[in-house]
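Hello,

Here is the structure I promised to pass on to you. Please have a look at it first, and then read my notes below.

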Amino acid sequence: MDPEAARTARESLDLAFHMSNILDTGLDRHTLSVLIALCDLGVNPEALSAVVKELQRERSPSTPMPTPTSSMP
């Protein structure tokens, strides 16, 4: 990649990351970069968004983990 293209790509990622932070998506710069690359390869952005939302939902516990209790009196 030539230096100008690399600079443009970096600036684009910086802008997308800034917007992501404003929207409070919780995505880090690397994850956002991967998502953008997948969109560039033709992955449907709406489907990708649905997958990311589902993964975030699974990752954040909606109920507290039960505390293990001893079966001994």
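Before the helix packing, a word on how it is described: axes are lines fitted to C-alpha atoms, for helices over the stretch in contact, and angles run from 0 to 180 degrees between N-to-C directions. Helices (H or I, at least four residues) and strands (E, at least two) are DSSP runs, numbered from the N terminus.

Please keep in mind that this is a predicted model, in which local features need pLDDT of at least 70 and side-chain atom pairs count only at pLDDT 80 or more, while totals for chains, interfaces and linings use all residues. Residues are numbered from 1 along each chain as its sequence is written, and side-chain values use heavy atoms, with hydrogens and water left out.

Now the overall picture. The protein chain has three helices and zero strands, and its elements run α-α-α from the N terminus on. Of the 73 residues in the protein chain, 12% are buried (under 20% relative accessible area; exposed is over 50%, and partly exposed is in between, with a 1.4 Å probe and protein chains only).

Helix 1 and helix 2

The axes of helix 1 and helix 2 are 10 Å apart, and the angle is about 115 degrees. That makes helix 1 roughly perpendicular to helix 2 (65 to 115 degrees; under 35 counts as roughly parallel, over 145 as roughly antiparallel and the rest as oblique). The crossing of the two is right-handed, a term used if the near helix is turned clockwise from the far one by less than a right angle, with anticlockwise being left-handed. On the helix 1 side, the contact (heavy atoms within 4.5 Å) is made by Leu 13, Asp 14, Ala 16, Phe 17 and Ser 20, and on the helix 2 side by Arg 29, Leu 32, Ser 33 and Ile 36. By class, these are five nonpolar, two polar and two charged residues (Ala, Val, Leu, Ile, Met, Phe, Trp, Tyr, Cys and Pro count as nonpolar, Asp, Glu, Lys and Arg as charged, and the others, Gly among them, as polar).

Three of these residues deserve a note each. Leaving aside residues up to four places away in sequence, Leu 13 touches Arg 29, Leu 32, Ser 33 and Ile 36. Ser 20 is buried, at a relative accessible area of 5%, and with the neighbours within four places set aside it is in contact with Thr 25, Leu 27 and Leu 32.

Helix 2 and helix 3

The axes of helix 2 (residues 29-40) and helix 3 (residues 45-59) come within 10 Å and cross at roughly 150 degrees. That makes helix 2 roughly antiparallel to helix 3. Leu 35, Leu 38 and Cys 39 in helix 2 meet Pro 45, Leu 48 and Val 52 in helix 3. The residues of this contact are six nonpolar, no polar and no charged.

The core and a loop residue

Which residues make up the largest nonpolar core? There are eight: Leu 13, Ala 16, Phe 17, Leu 27, Leu 32, Leu 35, Leu 48 and Val 52. Such a core is a set of buried Ala, Val, Leu, Ile, Met, Phe, Trp, Tyr and Cys residues joined through side-chain atoms within 4.5 Å. Helix 1 (3-22), helix 2 and helix 3 each give two or more residues to it, and the largest share, three residues, comes from helix 1.

Finally, have a look at Asp 24, in the loop between helix 1 and helix 2. Asp 24 has a positive phi of about 55 degrees although it is not a glycine. Most residues other than glycine have a negative phi. At 66% relative accessibility, Asp 24 counts as exposed.

Best wishes
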